[in-house]
Amino acid sequence: MSVARALAKLSDAADLKVGALLVNKGRVLLVGWNDETTDPVTHAEIAVLGRVGSFASAARSDELYVTTSPCLSCAKRIIEYGAIGRVYYQHEWWDKAATDLLTTSGIEVVRLDKGGVESHKTKPGTIDPMTGLEIDEVRLSAAAAYDFLDQLIVPKPKF
Ligand SMILES: [Zn+2]
């Protein structure tokens, strides 16, 4: 989040400066900040995701760090991008419909305080169309399945 804050300082926006970065397994993929010189203005999330197309990623292992939680149109772009599983933010955008939309689309939304500690978490609670279970239950049942498979692995013989 400190990197996102540093990026926000690059913005020329008069009032709200926003920085964002896309991370995968600790590697920074893309960075951006909001730009008011364009028409319409470019939000930080769009500066990051604007040119990268979409990925239907089941793993959803990308994480987006943004200094202010997304607006509704950026939330739609985040969902359309398809590979983001978690959005971290520090400041709350007034329109919480965007956070709700992300959550119901299976994306975890986590608020970090200034020190980078989780202060609020919105767990996805969407129904998985394949199983009819809530996303969290699907994850849990997958974990249980893996535990079960682990037990099936024949232990190495001891000599
Ligand atoms: Zn936006």
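Biologist: Where is the place of Gly26?
Modeller: First, a caution: this is a predicted model, where local features need pLDDT of at least 70, side-chain atom pairs count only at pLDDT 80 or more, and totals for chains, interfaces and linings use all residues. Residues are numbered from 1 along each chain as its sequence is written. Helices (H or I, at least four residues) and strands (E, at least two) are DSSP runs, numbered from the N terminus. Gly26 sits in the loop between β1 and β2 (27-33).

Biologist: Is Gly26 buried or exposed?
Modeller: You count neighbours: a residue is buried if 20 or more other C-beta atoms lie within 10 Å of its own, exposed if 12 or fewer, and partly exposed in between, with C-beta atoms placed from the backbone. Gly26 is exposed, because it has 6 other C-beta atoms within 10 Å.

Biologist: What is phi of Lys25?
Modeller: Near 45 degrees, a positive value in a residue other than glycine. Lys25 is in the loop between β1 and β2 too. For Arg60, phi is also near 45 degrees, and that residue lies in the loop between α2 and β3.

Biologist: Which residues have the most contacts inside the largest nonpolar core?
Modeller: A nonpolar core is a set of buried Ala, Val, Leu, Ile, Met, Phe, Trp, Tyr and Cys residues joined through C-beta atoms within 7 Å. Here the largest has 30 residues, and those with the most contacts inside it are Ala20, Leu21, Leu64, Tyr65, Val66, Ile78 and Val87. α2 supplies the largest share, five residues.
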